[in-house]
Amino acid sequence: LAMTVRLPDPDIWVYDIERGALRRITFAPGEDELPVWSPDGKRIAFASNGRQQAFMVAVDGSGQEEPLMKNESHFHLQSWSPNGKLIAYERIGNSGQYEIWMLPLEGDRKPYPYLVSQFRLNQPAFSMDGNWLAYSSNESGRSEVYVQRFPGPGEKVQVSTDGGGNPVWSRDGKQLIFENSDTLWATEVKVTPFHVGKSRGRYQEHTAN
């Protein structure tokens, strides 16, 4: 499990669930956060907003950080495509709203915009087959979860109906899980053709006083 730990500066740590061991893997000053796993599980990419760069590092601790791109606006890496060729990320654009961009990991690695509008577009997540991208948008007046064919063109479907954010695909690709307030919701999905079922609450957070 890769995570951001703030001590007080954010750094990337990895927790070995089987062994119960927690290990720090970034040590630079500033803000290193929101780790993203490579499809083969051997590397982690992350945003370093303190250094205005994205980096990639081997999970086993071998080698040095590899720079991936420079970015002057605040950004977060979000999802590594299943074929390993792209990382979807959110960044604050000139309008002050979050936009969804793609970072190629082949060729010149020049980032390019994927979804940009007057609304907040963020939290992109690739489906398990890489043919769909889930994300959050406030175009309806509140944050909702949408799914769009990738790379497009193609249909766009609203998944949540009463607010939602932070979408995550299940491993088998048959569910899309998202949060709304203090509850996680799971929606059954079919991708060929794309069809959305009814959302059901799966977990409610309780805070003890």
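Strand β2 (residues 10–16) runs antiparallel to β3 and is joined to it by 4 bridges, and Asp 16 stands opposite Ala 21 in β3.

The model is predicted: local features need pLDDT of at least 70 and side-chain atom pairs pLDDT 80 or more, whereas totals for chains, interfaces and linings use all residues. Residues are numbered from 1 along each chain as its sequence is written, and side-chain values use heavy atoms, with hydrogens and water left out.

Strand β3 (residues 21–24) also holds Arg 23, which is partly exposed at 36% relative accessibility (buried is under 20%, exposed over 50%, partly exposed in between, with a 1.4 Å probe and protein chains only). Leaving aside residues up to four places away in sequence, Arg 23 touches Trp 13, Val 14, Val 59, Asp 60 and Gly 61 (contact means heavy atoms within 4.5 Å). Its side chain reaches the backbone oxygen of Val 59 at 2.5 Å (a polar contact is a pair of N or O atoms within 3.5 Å; within protein, one must be able to donate a hydrogen and the other to accept it, and residues adjacent in sequence count only if both atoms are side-chain atoms).

As for rings, the whole structure has 5 aromatic pairs (Phe, Tyr and Trp rings, the six-membered one for Trp, with centres within 6.5 Å; planes under 30 degrees apart are stacked, over 60 edge-to-face, the rest tilted). One of them, Phe 75 with Tyr 89, is edge-to-face, at 6.1 Å centre to centre and 80° between the planes. Phe 75 belongs to β8 (residues 75–80) and Tyr 89 to β9 (residues 86–92), so the pair ties together parts 14 residues apart in sequence. Both Phe 75 and Tyr 89 are buried. Tyr 114 and Phe 150 make a tilted pair, at 5.2 Å and 55°.

Terms used: Helices (H or I, at least four residues) and strands (E, at least two) are DSSP runs, numbered from the N terminus. Two strands pair if DSSP finds at least two bridges between them.
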